[in-house]
Amino acid sequence: MIHFHILTLFPEMVMQGLHTSILKRAVEKEAIAIEAVNIRDYTLDKHGKVDDYTYGGGAGMLMQAQPVYDACKAVEQRIASAQPENPGGEGSCRVIYVTPQGRTFHQAMAQELAREKHLIFLCGHYEGIDERVLEELVTDYVSIGDYVLTGGELPAMVMIDAIARLVPGVLHNHESAATESFSDDLLEYPQYSRPEIWQGRRVPDILLSGNHGEIERWRLEQSLERTKKLRPELYEKWAREHEEYFRKKEKREARERKKQNKQKKAEK
Ligand code: ADE
C-alpha cells in the first residue's frame, strides 16, 4: 500500500484525473491511497491569499512559504501519528517538488519510488515557490521533461500514474507491468488482436503458430530491433548488459546454417 499526498492549489484537478480507470480501481481495492491537500486551506492570510510579488522585481507572482510549509507539516504529522511504531516518521517521508529544474523522471525512478509507503508531491503554480520553503522541505526535485507547463499538477499525475502501476495489486496479471516497454530497458514488441487480416495486412504467422518458445524469441527480437532503431542509447546499454544473449544467438544461427547446408547437400 502506498499513500500519495498531493499539495496543490487545484485539488479537484488531481483527484478527478487520478480517480479514473485503473487507478480508481486501485484506490477502491486499497492498493493505493490518494489525497489532495489544498494549500490554500493553510494560509494565515484572512483573504485566503497564497501568492505575492517577487522581491527584486520581475513578472508574475510567487507562492509564499507559510501556507506551503504548514500544509506539508500537517501531512507529515498525520503520517507520523498514523505510525506510532515509527517515531522518526515525521520528516522521513520524501517530499517531491515537481519542477522543470529537477532530475528527469524515468522508469527506474518510478520503481524506486514505488517502494515507499508515503510520497508527498508539491505542485507549484504561477512563477514557482519561495526558495526558502523548498530548502526546508524538499527531498527530491523532479521534472517530467524539458518543457515548461503551467503548474506541477500534470507532472505529479504523470509520476503518480507511473509509480502506482508498479505497486503490487494495482495491475491485474494480464496487465502485468513486467513485460512491457522499459521493464527491461527495451521498448515493447508489436502486438496484434483480431481479425487475422485487416485491410489486407496479416498478423505475423509466428503469432498463430502456438509455439510459445518461438513466440517469446520473436518478441524479444522485435523489441531489440525496435529499440535499436528508435532508442539506440537504450539498445547499447541492453547489449552491454546481455552479452550472453548475443553469444547464444550466434551459436543458434550457426547451428541452423549447418542444418540448412546439410539439407541442401542431401537434396542434390
Ligand atoms: N512544472 C512545470 N513544468 C514542469 C515539468 N516539465 N516537469 C515538472 N514540473 C513542471
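This is a predicted model: local features need pLDDT of at least 70, side-chain atom pairs count only at pLDDT 80 or more; totals for chains, interfaces and linings use all residues.

I started at Arg 219, which counts as partly exposed, with a relative accessibility of 24%. Arg 219 forms a salt bridge with Glu 216, and their closest N and O atoms are 3.9 Å apart. The cut-off is 4 Å, so the pair counts. Glu 216 and Arg 219 both belong to helix H7 (residues 212-230), and being 3 residues apart they are separated by about one helical turn. I reminded myself that an α-helix has 3.6 residues a turn, so residues three or four places apart point the same way.

How many salt bridges does the count come to? I got 16. Arg 94 forms a salt bridge with Glu 112, with 2.7 Å between the closest N and O atoms. That pair links distant parts of the chain: Arg 94 is in strand S5 and Glu 112 is in helix H4 (residues 107-113), 18 residues apart.

Buried or exposed: what is Arg 94? Arg 94 counts as buried, because its relative accessibility is 16% and the limit for buried is under 20%. Glu 112 is partly exposed at 30%.

Arg 94 also forms a salt bridge with Asp 140, where the closest N and O atoms are 2.9 Å apart. Asp 140 lies in strand S7, so this pair ties together parts that are 46 residues apart in sequence. I noted that Arg 94 and Asp 140 are both buried. Salt bridges that share partners join Arg 94, Glu 112, Glu 116 and Asp 140 into one network.

**Entry: the sheet**

Next I traced the strands. I found an open sheet of 5 strands with parallel pairing, in the order S2-S1-S6-S5-S7. Strands S2 (32-38) and S7 (140-143) stand at the edges with a single partner strand each, so one side of each has no neighbour in the sheet. From one strand to the next, the twist averages 30°.

I went through some pairings:

- S1 and S2 run parallel and are joined by 7 bridges; Ile 2 has Ile 32 in S2 as its bridge partner.
- S1 and strand S6 (residues 118-123) run parallel too, with 5 bridges; Ile 6 has Phe 121 in S6 as its bridge partner.
- S5 (residues 94-104) and S7 run parallel with 5 bridges; Thr 104 stands opposite Ser 143 in S7.

I also checked burial in strand S1 (residues 2-8): 6 of its 7 residues are buried, so S1 is largely enclosed by the rest of the structure.

**Entry: helix H6**

I checked the length of H6 (residues 153-164). At 1.5 Å a residue, its 12 residues should span 16 Å, and the end C-alpha atoms are 16 Å apart, which agrees.

Why do I call H6 largely enclosed by the rest of the structure? I do so because 9 of its 12 residues are buried. Among them are Glu 153, Pro 155, Met 157, Met 159 and Ile 160.

Leu 154 is in helix H6 too, but at 44% relative accessibility it counts as partly exposed.

Conventions: Residues are numbered from 1 along each chain as its sequence is written. Side-chain values use heavy atoms; hydrogens and water are left out. Helices (H or I, at least four residues) and strands (E, at least two) are DSSP runs, numbered from the N terminus. The expected span of a helix is 1.5 Å times one less than its number of residues. Buried means under 20% relative accessible area, exposed over 50%, partly exposed in between (1.4 Å probe, protein chains only). Two strands pair if DSSP finds at least two bridges between them. Axes are lines fitted to C-alpha atoms, for helices over the stretch in contact, and angles run from 0 to 180 degrees between N-to-C directions. A salt bridge is a side-chain nitrogen of Lys or Arg within 4 Å of a carboxyl oxygen of Asp or Glu.
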